[in-house]
2 protein chains.
Amino acid sequence: MTATPDSIDWREQRPVELTEILRHACDCFYENGFHGTSVRDLASRVGVTVPALYYHHANKEAILAAVLAAGIADLLPYSQAAVADAGDDPVAQLTHLVECIVRHVASRSRLVALDAEYRYLGPEARAPYLEKRRALAELMRSVIQRGADQGVFVADDVTETTRALLGMLQAIARWYDVTGPLGPADLAARYVGFSLAIAGVPRSYDRK
Amino acid sequence: MTATPDSIDWREQRPVELTEILRHACDCFYENGFHGTSVRDLASRVGVTVPALYYHHANKEAILAAVLAAGIADLLPYSQAAVADAGDDPVAQLTHLVECIVRHVASRSRLVALDAEYRYLGPEARAPYLEKRRALAELMRSVIQRGADQGVFVADDVTETTRALLGMLQAIARWYDVTGPLGPADLAARYVGFSLAIAGVPRSYDRK
């Protein structure tokens, strides 16, 4: 059962829960790419036999699909909860949504950085992943559109504003190190500032 | 000989000049990744023999290095020329720099999208590519720092502002289609707007 937005504390720190196989698969794919990782390499890294690996996952593609699913898991319901928790104010909605996405990316940067590997999935394995990405973009777009309609955002091109925001946030995954000087909350605060600026909210806007 | 910034018309549209081998290599790496592409696949796609391919490139790693080099080629001197052409005003400098980077990404989006494959290069092949990326980031950082020092930018965290800008611009490569509705000049205009906003320049700033 999927948790409903109302029951979610969207700000909570969510540790990534990966099986041993998926944890090593994430590292292998990150270091050598999907095609640079053989099932044999992976089994040896996990410390199991190849048949043991196949007991859990049908093939290497299914392992990549599971890794990508873990990378995006919960992001949509958490993001919906974050927006719902902001009431009707588009500025508060964008603030919550960006904080939620940044916390997500910061909590699993290596998994999120694997995003581009989705293109090695066949159409069937690819569809559910792309559908979740599409739904998140649609949520962001609806917040931007609402703010533009109400005149609190300056967004002449809602599509491009949405893309720019998501591109900027996704890029965090490529360098963020959770053991570095910037904790998730500070990181989120900075990107909330950048995002409101992109949406055209004056810095002096009095946030509730 | 590398062109000096003064002799560069940094706004000119630069077609990417790739050899047949590198053009096909870019497509192969994009579709199947570095490790998913064999030298045999590539030779067959180019329509030459494997030894003919090895006549031009020592190995597959050298081909990836050449593809990545083509993706970043000229970006640094063009960016330096763009900044130099803006005089002393940090707003004009950032405007030019972002326009220059967006035009570059738009003119070779597929090549730029291969950026993350650099991690499959060994340390020696990797160094010149990373050095060019580092120098570009340093140029961006110096412009942001200058604007912050002069009080025309609001950038409490120059490092993060630089990263956010470069991450947003790099992300364009993942979706931009030069045959789509948005031409490079319009695309650049939008991202100049987003970038000035991130740097904290009020929308009403009177640009020269």
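Tutor: Start with B:T37, which sits in the loop between α1 (20-32) and α2 (39-46) of chain B. Helices here are DSSP runs of H or I, at least four residues, and strands are runs of E, at least two, numbered from the N terminus. This is a predicted model: local features need pLDDT of at least 70, side-chain atom pairs count only at pLDDT 80 or more, and totals for chains, interfaces and linings use all residues. Residues are numbered from 1 along each chain as its sequence is written, chains are lettered from A and ligands numbered from 1 in the order in which they are written, and side-chain values use heavy atoms, with hydrogens and water left out.

Student: Why is B:T37 called buried?

Tutor: Buried means under 20% relative accessible area, exposed over 50%, partly exposed in between (1.4 Å probe, protein chains only). B:T37 has 3%, so it is buried.

Student: Which residues is B:T37 in contact with, leaving aside its neighbours within four places in sequence?

Tutor: They are B:C28, B:F29, B:N32, B:L42 and B:K60. Contact means heavy atoms within 4.5 Å.

Student: What makes up the secondary structure of chain A?

Tutor: Chain A has 10 helices and 0 strands.

Student: Why is chain A called as compact as a globular protein of that length?

Tutor: The radius of gyration is taken over C-alpha atoms, and the globule rule is 2.2 Å times the number of residues to the power 0.38. For 208 residues the rule gives 17 Å; chain A has 19 Å, close to that, so the description holds.

Student: How many residues does helix α1 of chain A have, and what is its reach?

Tutor: Helix α1 (residues 20-32) of chain A has 13 residues and reaches 18 Å from its first C-alpha to its last. The expected span is 1.5 Å times one less than the number of residues. That expectation is 18 Å, and the reach is close to it.
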